[in-house]
Structures are given as structure tokens and as C-alpha cells.
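Me: Can you walk me through this model? I want to look at a few local features before I set anything up.

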Amino acid sequence: MIKEITAKILLNQVKQPDDWFGLKYNMNLYRGCQHQCIYCDSRSECYQIENFSDVLVKVNAIDLLRNELSRKRVKGTIGTGSMNDPYMPVEAQRNLTGQALQLIAEYRFPVHIITKSDLVLRDLNKLHEINQVYAAVTFTITTADDILGKKIEPGAPSVSARFRAMQILAENGVLTGVTLMPVLPFLEDNVENIRQIVTRAHEAGASYIIPSFGMTLRDRQREYYYRKLDQLFPGLRREYEKEFGYQYRILANNTKELEQEFHSLCDHFGIATCIPQFQPERGRQMRLFNKLQ
């Protein structure tokens, strides 16, 4: 179900330093997510989203963003995609992400988008404009197998579609790469899966891959995930309960072997294992360069 809500604030300051993505601000235009990935941490009680299947549209988001950007004295990277996907199907009709990117371009802020959707290509021209300062698009890819991907990420575009979108972005000069997280124990924690993801990312022009070999499991998230395991992979829940109990952060099996294979392949292909972050000096140089043209 899609519902409309009004928000009081849109840009939230990120606790510094943000070593993962170099964000200064975080932006969520929606609450809830239509991709319905079975492992999503955003179902956890601490985020206070009562029904994660409902999508709440912040109808005043663009007015809020315009007001907040006009008052920000410190330029820093705006991140989106941490609590939901900014390019889930509702975005095709509402276009909140597209409108937000237009404002971000006008106010010359850097942006980092995390998504599982090739719908991001709709905003390629806006990303080009933002890229005069800094733009990065990161695709979450946890398996190279489209069939497994459809089971664990039922509402998201296929893995193959993400790799195709990545290639188009890279060919158009937009910084792009992969968040290889989570890596689900007993499902994705095998060397061949890691090898295929890194190889296909290289072929698609990825500049970086950010890994985390494991997952989180807490309260409502764990309950939902285990129900889905019972439906999709009968018997696997017992393996989780036996191996991990009620741990919040759990490691993939054979983590050391997976990490070795991952880093070896990234070294071979010249892929960074962290994202090149926004540098304010680069933004000033790009503006000067554009004025001289």
C-alpha cells in the first residue's frame, strides 16, 4: 500500500567521520520499500517502521529539500538509499528522486546513490550535471545469480539489469561500483559467487567494490528473515539457529577464504575496495574549468 505523509526535516546529518561513503547528509524521500529484500535490516524495531511493506511518500520532500539546501553553508555529500531504495517502482510515478537530483544539481552539492534498480538511468542527464561536483552510483549486488536474486530480492530488478546499468553509467563518466553486502551464510558465501560478482563488476566498468562478508540479524528483521527461509529454503533456518543463535552481526562461512579471493581479484582487475570520496577542492577546480570553457 502507498500512503502519503508530510515530513518535518529531510536532510539528516551523518555522524562523522563516515568511513564507508564519506557522507555529510542522509536523505530519505520515502519510508518502507517495495523491493522487499528478505534480509533488509530496515525492518528492525529501532527504525520504527510499523509495516515495511507499506511505502510512505513524503509529499513535501522537494519543498523541504529546496529550503534546507538554500540554508546549508557546508557542502558535503548527500547520500540516499540507506533505508529504502530511491528507485523502487513508486519512483517511476512520483519522481521524487529525480526532482531531488535536479535541486542538488542546482545547488551544486555532491551526491551518492545506493540502489538495486536500473531506473537510475532515467536521471543520467542530472547525474552528468551533478558530476561537475561529484556523483557516485553504487549498486547493491549480493549474488551473481538472477534466479537466487529474485528469491531474496523479489521486488528488485535482476542482477543482470544492474550490471547493464552500471556499464552505461561507467561509459558516461559517472563513478559507479558495488556494495557487496550482505553476504548471506549458506546461500552466497561461496568462492564462485564472489568470483563472479567481482568479474562481472570489472566487465561493467566498476571502479570500486565495498564488501561486508556477513549480515545483521535482530528482532523483527530476524523473525521476517527466518520466515522467508522456511518458505524458500526449507531446513536452512535450523542451520542459522545452530550456528549463530541470537547474534546481531554474523559472519559468512569461510570468511577468510572469501576475503582472500575478493582482494586477489580486485588487485588483479585494479578495482578499489573503498569508494573514492568527494574532495571539496575537486569541486572548485571543476567549476573553474567550466567557466573557462
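Reply: What follows goes through a sheet, some backbone details, the cysteines, a helix and a loop residue. This is a predicted model.

Me: Sheet, then. What is the strand order in the open sheet of 3 strands?
Reply: The order is E1-E5-E4, and the pairing is mixed.

Me: Which strands stand at the edges?
Reply: Strand E1 (2-5) and strand E4 (30-31). Each has a single partner strand, so one side of each is left without a neighbour in the sheet.

Me: In which sense do E1 and E5 pair?
Reply: Parallel, over 4 bridges, with E5 covering residues 55-58. Within that pair, isoleucine 2 stands opposite valine 55 in E5.

Me: Backbone next. What is omega for the peptide bond from glutamine 16 to proline 17?
Reply: Omega is near -5°, which makes that bond cis. Proline 17 belongs to the loop between strand E2 (11-13) and strand E3 (23-27).

Me: And which residues does the cis bond with omega of about -5° at proline 182 join?
Reply: Methionine 181 and proline 182. The loop holding proline 182 runs between strand E9 (175-180) and helix H7 (191-203).

Me: Now phi. What value does asparagine 95 have?
Reply: Near 60°, a positive value in a residue other than glycine. Asparagine 95 is placed in the loop between helix H2 (90-94) and helix H3 (96-106). Its relative accessible area is 26%, so asparagine 95 is partly exposed.

Me: What about phi of aspartate 219?
Reply: Phi of aspartate 219 is also positive, near 25°, and this residue is not glycine either. Aspartate 219 lies in helix H8. It counts as partly exposed because its relative accessibility is 31%.

Me: Stay with H8. How many residues does it have, and how far does it reach?
Reply: H8 has 14 residues and reaches 20 Å from its first C-alpha to its last. That is close to the 20 Å expected at 1.5 Å a residue.

Me: Which residues of H8 are buried?
Reply: Gln221, Arg222, Tyr224, Tyr225, Tyr226 and Leu229.

Me: Some of those are a few places apart. Why would residues three or four places apart point the same way?
Reply: An α-helix has 3.6 residues a turn, so residues at that spacing point the same way.

Me: What do the buried residues of H8 pack against?
Reply: Strand E11 (214-216) and helix H9 (236-244).

Me: Cysteines. How many disulfides does the count come to?
Reply: The count is 0 disulfides. Cysteine 40 is in none, and the nearest cysteine sulfur to it, that of cysteine 37, is 6.5 Å away.

Me: Is cysteine 266 buried or exposed?
Reply: Buried, with a relative accessible area of 2%.

Me: Last topic: where is alanine 144?
Reply: Alanine 144 is in the loop between strand E8 (135-140) and helix H5 (146-152). With a relative accessible area of 7%, alanine 144 is buried.

Me: What is alanine 144 in contact with, leaving aside its neighbours within four places in sequence?
Reply: Val159, Asn193, Gln196, Ile197 and Arg200.

Me: How far apart are the C-alpha atoms of alanine 144 and isoleucine 197?
Reply: They are separated by 5.4 Å, although the two residues are 53 residues apart along the chain.

How values were computed: Residues are numbered from 1 along each chain as its sequence is written. This is a predicted model: local features need pLDDT of at least 70, side-chain atom pairs count only at pLDDT 80 or more; totals for chains, interfaces and linings use all residues. Side-chain values use heavy atoms; hydrogens and water are left out. Two strands pair if DSSP finds at least two bridges between them. Helices (H or I, at least four residues) and strands (E, at least two) are DSSP runs, numbered from the N terminus. Buried means under 20% relative accessible area, exposed over 50%, partly exposed in between (1.4 Å probe, protein chains only). A disulfide is a pair of cysteine sulfur atoms within 2.5 Å. The expected span of a helix is 1.5 Å times one less than its number of residues. Contact means heavy atoms within 4.5 Å.
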